[in-house]
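Q: Please take a close look at a single part of this model, the place where the chains meet, and describe how that part relates to the packing around it.

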Amino acid sequence: MTEDQLARRAADGNTAAFATLVRQHQSQVRGFLRRMTRGDAALADDLAQETFLEAHRKISGWRGEGSFAGWLCAIAWSRYLMEARKRKLEPLDDAMEIAGDAQPETDSALRLDLESAMARLTPPERAALTLCFALGLTNEEAAMRLGLPLGTLKSHVARGREKLKTLLQAWQAAS
Amino acid sequence: MTDRLDDLLSAPLADVADDGFSARVMSRIGQERRRDEWITYAAIGVAALPALLFVPLPAIATEVSRLAPLLASAAPLAGAAALLTLTLSFEKLIQDRFS
């Protein structure tokens, strides 16, 4: 059964169909939120649970446009933003810069991996890079899911990549 | 570096083991559904209370007690009731099996 068929059945109140969708997508949604929460697995799982509950309430609104995973990530992103504002987890705008960390010290640079480098980006940059690369969404769909203009999405992707390149510079030297 | 970075970024997110997560989500969905049903029933009950004040309950009770023996001995009605019961049971069986 295709994802679209499952979603339609779930919209008709078929609980088993929705359970299948949850099983199929839990890893991606939780992975996305773990990256957004910079590795806080407990918070990410709480947000993922809320994401699926909201998805269940809104499943009749699923129109089959784009990927179902992208639709779930849009809900997860809005849940994350609400939580981040409530808890003041980290600045949500572009104020967060990496200037101080631009040249990582050699010993700590060796420990830098993609996730720890990602944790230094702003949330929109992390979300944009994750949707466009790890989840394979087009720029247009990623912009729609994050509620951003296409140009803004592209600049988040470009800036995020530049910052990652700087942060992973030492790794490049080591390889 | 750019190619390597793109490869890193394009790798799928690390697999997260389910470990009962899906079951917890479905359990909460069940709880929410039951809660919503109770809220609906309670709202209907509260809305119906004022209407009960205007319902002529004694007259209805008298009519029911007069008609009940007649209805109980009516064969077509008994047949219809049996058919309805069978239909609902069959529908429940199908729902339980396929949902």
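A: Two residues are taken to be in contact if their C-beta atoms, placed from the backbone, lie within 7 Å. The model examined here is predicted, and the contact between its chains takes 27 residues from chain A and 21 residues from chain B. On the side of chain A that touches chain B, two or more residues each come from H2, helix H3 (41-58), helix H7 (123-134) and helix H9 (150-167) of chain A. The largest share of that side is supplied by H2(A), with 12 residues. By class, the side of chain A that touches chain B comprises 12 nonpolar, 9 polar and 6 charged residues.

The predictor's own scores bear on this contact. The complex is given an ipTM of 0.78 and a pTM of 0.73. Chain B has an average pLDDT of 88, and 97% of its residues score at least 70. Within chain B, confidence is lowest in helix H1 (residues 2-10), where the mean is 82, and highest in helix H2 (residues 21-53), at 91.

The domain arrangement of chain A comes next. Chain A is divided into domain 1 (1-89) and domain 2 (93-175). The contact between these domains takes 14 residues from domain 1 and 13 residues from domain 2 of chain A. Helix H2 (15-36) and helix H4 (68-87) of chain A each supply at least two residues of the side of domain 1 that touches domain 2; H4(A) gives the largest share of that side, 6 residues. The residues on this side of domain 1 divide into 7 nonpolar, 5 polar and 2 charged.

In the largest nonpolar core, which has 41 residues, A:Leu33, A:Cys73, A:Ala76, A:Ala128 and A:Leu131 touch the most other members. At least two residues of this core come from each of helix H1 (3-11), H2, H3, H4, H7, helix H8 (139-146) and H9 of chain A, and likewise from H2 of chain B. H4(A) contributes the largest share of the core, 9 residues. Leaving aside residues up to four places away in sequence, A:Leu33 touches A:Ala44, A:Leu47, A:Ala48, A:Ala76 and A:Tyr80. A second, separate core of 6 residues includes A:Ala117, A:Met118, A:Leu164 and A:Leu167.

Conventions: Residues are numbered from 1 along each chain as its sequence is written. Chains are lettered from A and ligands numbered from 1 in the order in which they are written. This is a predicted model: local features need pLDDT of at least 70, side-chain atom pairs count only at pLDDT 80 or more; totals for chains, interfaces and linings use all residues. Domain bounds come from an automatic or database domain assignment. Helices (H or I, at least four residues) and strands (E, at least two) are DSSP runs, numbered from the N terminus. Ala, Val, Leu, Ile, Met, Phe, Trp, Tyr, Cys and Pro count as nonpolar, Asp, Glu, Lys and Arg as charged, and the others, Gly among them, as polar. pLDDT is the predictor's confidence in each residue, from 0 to 100. A nonpolar core is a set of buried Ala, Val, Leu, Ile, Met, Phe, Trp, Tyr and Cys residues joined through C-beta atoms within 7 Å. A residue is buried if 20 or more other C-beta atoms lie within 10 Å of its own, exposed if 12 or fewer, and partly exposed in between; C-beta atoms are placed from the backbone.
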